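Subject: Structure handover

Hi,

Here is the structure for your files. Please look it over first; my notes follow below.

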Amino acid sequence: MTLEELRADFGGYVKLDEEGRLPSLAEEVEDAAAAAVGSGGGGLFGLGGGGGGVLGGLTTGDEEAKRRERRASGAAALEAKKLRLAATVATRASKDAADAAVYGVLPTAKALSRVAAQRTAQRIA
C-alpha cells in the first residue's frame, strides 16, 4: 500500500467518522462472517445485513435516522440517570443533616440547657 492510498483511505475514514456512518463492531463481524460463509442475508446477530456486500453502517436513510434516535434516547437516559443520582445524593445529604441535628446538635443543646438551668437554680437559691 502506497502512502497516497493510505492517505486516501484515512481521508475516507475521517469523512465517515464525521458523518457518523462508521460501522459498528457487530456490523463488521457480521460482514466478515457473511464473506466467510458466502451468504449475504439474515446477518450473524439478526441485525439485518443483506445490503449486497455493503456494511450496514455505510447505508444511508433509515439507518442514520435510527442511529440518531438511539443516540438521542441514550443521551436522554443518561440525563435521567444523572437526575436520579442527584436526587439520591440530595436525599442522603438531607437525612445526614437531620441525623447530625438529632444526634449531634440536640443532645449538646439539651445538655447545655440543663447546665444553664442548674446554674440559674443555684443563683436563685
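Start with Asp96. At 39% relative accessibility, Asp96 counts as partly exposed (buried is under 20% relative accessible area, exposed over 50%, partly exposed in between, with a 1.4 Å probe and protein chains only). Its partner is Arg92: the two form a salt bridge, with the closest N and O atoms 2.7 Å apart. The term means a side-chain nitrogen of Lys or Arg within 4 Å of a carboxyl oxygen of Asp or Glu. Arg92 is partly exposed too, at 42% relative accessibility. Asp96 and Arg92 sit four residues apart in helix H3, so about one helical turn separates them.

Some ground rules. This is a predicted model: local features need pLDDT of at least 70, side-chain atom pairs count only at pLDDT 80 or more, and totals for chains, interfaces and linings use all residues. Residues are numbered from 1 along each chain as its sequence is written, and side-chain values use heavy atoms, with hydrogens and water left out.

**Salt bridges**

A search of the whole structure gives two salt bridges. Lys82 and Glu79 are three residues apart in helix H3 (residues 62–124), so about one helical turn lies between them. Lys82 is partly exposed at 46% relative accessibility. Glu79 is partly exposed at 44%.

**Overall fold**

The protein chain has three helices and zero strands. Helices (H or I, at least four residues) and strands (E, at least two) are DSSP runs, numbered from the N terminus. Along the sequence the pattern reads α-α-α. Of the 125 residues in the protein chain, 7% are buried. The protein chain exposes about 9,800 Å², and carbon and sulfur atoms supply 61% of that. Areas come from the Shrake-Rupley method with a 1.4 Å probe; for residues, only the protein chains shown count as cover. Take contacts (heavy atoms within 4.5 Å) between residues at least 6 apart in sequence: 42% join residues at least 24 apart.

**Helices**

H1 covers residues 3–19, which is 17 residues. H1 reaches 24 Å from its first C-alpha to its last, close to the 24 Å expected at 1.5 Å a residue. The expected span is 1.5 Å times one less than the number of residues. Gly20 follows H1, with a positive phi near 75°.

H3 has 63 residues and reaches 89 Å between its first and last C-alpha, close to the expected 93 Å. H3 has a kink of about 35° centred on Ala101. The bend at a residue is the angle between axes fitted to the seven residues ending there and the seven starting there.

**Surface patch**

Val102, Tyr103 and Leu106 form a nonpolar surface patch, with about 350 Å² of accessible area together. Patch residues have over 30% relative accessible area and no salt bridge; like charges are joined within 9 Å, nonpolar side chains (Val, Leu, Ile, Met, Phe, Trp, Tyr) within 5 Å. Val102 lies in helix H3 and is partly exposed, at 43% relative accessible area.

Best wishes
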